[in-house]
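User: I am new to reading protein models. Can you take me through this one, feature by feature?

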Amino acid sequence: MAYNKHFDKNDIRETEYSSKCSATGCPMRGTISNSGGEGSFVCAPHFQGQPDEWPRITESLIESLEIRLAIDEIMKIDDLTWETGVRGCNPKSKMFERYFNDDPLRPQGKELLKKPWYEYRLRNELMFIAGLCKKPQVRQE
Ligand SMILES: [Zn+2]
C-alpha cells in the first residue's frame with residue numbers, strides 16, 4: 001500500500017467521531033452525511049427535516065435535554081446489564097426514574113427486556129417533539 005503523505009488520522013477522527021450536527025446551534029452529534037460522506041454531518045432529526053424547519057427542530061432538541069441525556073446513558077449500558085437493571089437488581093434502574101419520574105417515557109412492557117426497543121422509542125420521541133413523526137407507542141411484540 002502506498003504511503004499517502006496527506007493522510008492525517010486527526011482529520012478522520014474529527015469527521016467520523018467528533019463532529020457536531022452542522023445545523024446552527026444543534027446540541028446533537030452529526031451522524032448522517034448530508035453530502036454523500038464528504039463535508040458536513042447532521043443528526044437524524046435535521047436529516048429528516050426540510051431546511052426551513054431546521055430552526056424549529058433545533059429549538060425542540062435543545063428543549064429535550066432529558067431525553068437526549070437518557071439516550072446517552074442508554075448507549076453506555078450493555079443489553080444484559082439493561083435486562084437485570086430495569087428489573088430492580090441493578091442501581092442503573094434508578095437512572096430512568098431520575099429522568100422521567102412517573103412519566104410514560106420510562107421503560108415499559110417489553111422495553112424492560114429489550115434495550116433497543118426503548119432506545120428506539122426515545123429517539124422517535126425526539127422526532128415527534130420536532131414535528132417529524134407521529135407519537136411513538138410502546139412496542140408490544
Ligand atoms: Zn441536528
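User: Where does a glycine take a positive phi?

Analyst: Just after α7, Gly-131 takes a positive phi of about 80 degrees. Two notes before we go on. Residues are numbered from 1 along each chain as its sequence is written. This is a predicted model, where local features need pLDDT of at least 70, side-chain atom pairs count only at pLDDT 80 or more, and totals for chains, interfaces and linings use all residues.

User: What does pLDDT tell me, and what is its average in the protein chain?

Analyst: pLDDT is the predictor's confidence in each residue, from 0 to 100. The protein chain averages 80, and 77% of the residues score at least 70. Over residues 1-17 the value is below 50, and this stretch has two contacts in the model beyond near neighbours in sequence. Two residues are in contact if their C-beta atoms, placed from the backbone, lie within 7 Å.

User: How many helices and strands does the protein chain have?

Analyst: Helices (H or I, at least four residues) and strands (E, at least two) are DSSP runs, numbered from the N terminus. The protein chain has seven helices and two strands. Their order from the N terminus is α-β-β-α-α-α-α-α-α.

User: Which residues of α7 are buried?

Analyst: Count neighbours. A residue is buried if 20 or more other C-beta atoms lie within 10 Å of its own, exposed if 12 or fewer, and partly exposed in between; C-beta atoms are placed from the backbone. In α7, the buried ones are Lys-115, Tyr-118, Leu-122 and Leu-126. They sit on the same side of α7 because they cover an arc of only 90 degrees around the axis. That arc is taken from the directions from the helix axis to the C-beta atoms.

User: Which residues of α3 are buried, and what covers them?

Analyst: Ile-57, Thr-58 and Leu-61 are the buried residues of α3. Their arc is only 100 degrees around the axis, so they lie on the same side of α3. What covers them includes α2 (44-48) and α7.

User: Which residues make up the largest nonpolar core?

Analyst: In soluble globular proteins, nonpolar side chains tend to be buried together. A nonpolar core is a set of buried Ala, Val, Leu, Ile, Met, Phe, Trp, Tyr and Cys residues joined through C-beta atoms within 7 Å. The largest one here has 11 residues, including Cys-21, Met-28, Phe-41, Ile-57, Leu-61 and Leu-126. β2 (41-42) and α3 (54-63) each supply at least two residues of this core.

User: What does Pro-136 touch?

Analyst: Pro-136 is in the segment after α7. Leaving out residues up to four places away in sequence, Pro-136 touches Arg-121, Asn-124, Glu-125 and Phe-128. Arg-121 is 15 residues away in sequence, yet the C-alpha atoms are 6.2 Å apart. Pro-136 is partly exposed because 16 other C-beta atoms lie within 10 Å.

User: Is Lys-134 buried or exposed?

Analyst: Lys-134 counts as exposed because it has 8 C-beta neighbours inside 10 Å. Lys-134 is also found in the segment after α7.
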